Amino acid sequence: MQNFDFYNPTRILFGEGRISEIDDHVPPNANVMVLYGGESARRYGTLHEVVESLGNRRITEFGGIEANPRYETLIRAVEKANTAKVDFLMAVGGGSVIDGAKFVAAAMTFEGDPWSILTQHGANVQSAVPFGTVLTLPATGSEMNQGAVVTNEKRRSKLAFKSPHVFPQFSVLDPTKTYTLPQRQLSNGIADAFVHVIEQYLTYPTGAMIQDRFAEGLLKTLIELAPKLNENNHDYPTRASFMWATTWALNGMIGAGVPKDWASHMIGHELTALYDIDHARTLAIVLPSLLRERREAKREKLLQYAGRVWDIHEGDEESRIEEAIKRTRSFFEGIGIPTYLSDYDLDDAAIDAVVTNLRSHEMTELGEQKEITPEVSRKILQRSLCAEGSTQQTV
């Protein structure tokens, strides 16, 4: 196991009805900005619950944070918050709203060009306005970590940053808030969490038995939950396990002391920035092809993954690895997520554009062993173009 530091100060308020306890965790004289996405937070009553719990505190609202939070929108939030002398933020929504709140929290106290927070990946963040979250869409784990991703539409860029200053002070996780989610968002949440776990697990062995078993348990849980998680099934235990699994997928615990491979995310971010494909769907496009391209470097863990997660024990090593990769793709397809670029009407031109962006963003040494160059990324994307034996159509 590698050396590691572990730090996570976020308080979790888990369970039905916990929004009413926000009042206990926000300073009584706070000047609060409530950030949210679309009108669903208001329509389904969550926004009203949050405002009601905040009581007599001064409240400023900022809505309209996009599914991939846009830098331009967040800068407007920063300006409004500073004008209103806001000193506490409340994010109400999914990972995009929470990511947006993290950037706003950091940018509000930042001296200099806020864009550099992203280009320097948070290394220059010295402080941030405190904030809490109410999670309504489980997927990213942003409610219990120090990372965020922001899209700059003008620059056609999607960049990540992290800082210990942007851990949420607390997060409310009420599983009943998932009851109004459409199937697409539920499926995206499962896929996003699944790949988060994979990228901290499916690298090379380091003797991290605890982290491996936690990761395998999360993967098997997500596989078991997937067929039960449909928009018409409001089974509380299922929704509770779903919400907690997505949080654990990226709260730092399973990634402590192990190598990590975020190449699927980095390549996927470029697909989202260029073609506005849902984040989770870009991961489902990239991951199976990445595993096939990198099967030798990941051989030992792929065999472990095949046996422990998919219960594949018959056949030689090559056939077990191949079957595990096939089942991974089938898992995504089974929850309604297409896994080829051609499914999104993209062709070779898209591959060229993604590789160009990877170079311009200095994503030239990706993966746990930093061996995924732009040329290797191109091979991965070519494997992702269309199903074997099919004919790629020109856009």
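Ser142 is placed in the loop between β5 and β6 (147–152), where helices (H or I, at least four residues) and strands (E, at least two) are DSSP runs numbered from the N terminus. The structure is a predicted model, in which local features need pLDDT of at least 70 and side-chain atom pairs count only at pLDDT 80 or more, while totals for chains, interfaces and linings use all residues. Residues are numbered from 1 along each chain as its sequence is written, and side-chain values use heavy atoms, with hydrogens and water left out.

Ser142 has a relative accessible area of 1% and is buried; buried means under 20% relative accessible area, exposed over 50%, and partly exposed in between (1.4 Å probe, protein chains only). Leaving aside residues up to four places away in sequence, Ser142 touches Gly95, Ile98, Asp99, Lys102, Gly147 and Pro168, contact being defined as heavy atoms within 4.5 Å.

Asp192, in helix α6, is likewise classed as buried, at 3% relative accessibility. With residues up to four places away in sequence not counted, the contacts of Asp192 are Ala139, Thr140, His265, His279, Ala280 and Leu283. Between the C-alpha atoms of Asp192 and His361 there is a separation of 23 Å, the two residues being 169 residues apart along the chain.

Helix α8 (residues 236–248) consists of 13 residues. From its first C-alpha to its last, α8 reaches 18 Å, close to the 18 Å expected at 1.5 Å a residue; the expected span is 1.5 Å times one less than the number of residues. The buried residues of α8 are Thr238, Arg239, Ala240, Phe242, Met243, Ala245, Thr246, Thr247 and Trp248. Their cover includes strands β1 (11–14), β5 (131–137) and β8 (170–173), together with helices α6 (183–201) and α7 (209–225).

Positive phi values in residues other than glycine occur at His121 and at Asp311. Phi of His121 is near 55 degrees; this residue is in the loop between α5 (115–119) and β5 and is partly exposed, with a relative accessible area of 39%. For Asp311, phi is near 55 degrees, and the residue is found in the loop between α11 and α12.

The model contains 26 salt bridges, each defined by a side-chain nitrogen of Lys or Arg within 4 Å of a carboxyl oxygen of Asp or Glu. In one of them, Arg295 pairs with Glu318, with the closest N and O atoms 3.1 Å apart. Arg295 lies in the loop between α10 (279–293) and α11 (299–308), whereas Glu318 is in helix α12 (residues 317–334), so the pair ties together parts that are 23 residues apart in sequence. Arg295 is buried, at a relative accessible area of 15%, and Glu318 is partly exposed, at 35%.

A salt bridge also joins Glu368 to Lys298, the closest N and O atoms being 3.1 Å apart. Glu368 belongs to the loop between α13 (348–360) and α14 (374–383) and Lys298 to the loop between α10 and α11, so this pair ties together parts that are 70 residues apart in sequence. Both Glu368 and Lys298 are buried.

In the salt bridge between Arg378 and Asp352, the closest N and O atoms are 2.7 Å apart. Arg378 lies in helix α14 and Asp352 in helix α13, so parts that are 26 residues apart in sequence are tied together. Arg378 is partly exposed, at 27% relative accessibility, as is Asp352, with a relative accessible area of 39%. Elsewhere, salt bridges that share partners join Arg292, Arg295, Glu296, Arg299, Glu317, Glu318 and Glu322 into one network.

The second largest pocket holds about 200 Å³ of space. A pocket is an open set of points on a 1 Å grid over the protein atoms alone, where a 1.4 Å probe fits, with protein on both sides within 12 Å along at least five of seven lines; lining residues have an atom within 4 Å of a point. Grid points are joined across faces, edges and corners, and the volume is the space filled by probe spheres set on the points. The lining is formed by Ser289, Arg292, Glu322, Ile325, Lys326, Arg329, Tyr340, Arg383, Cys386, Ala387 and Glu388. The elements giving two or more residues to this lining are α10 and α12, and α12 gives the most, with four residues. By class, the lining has four nonpolar, one polar and six charged residues (Ala, Val, Leu, Ile, Met, Phe, Trp, Tyr, Cys and Pro count as nonpolar, Asp, Glu, Lys and Arg as charged, and the others, Gly among them, as polar).
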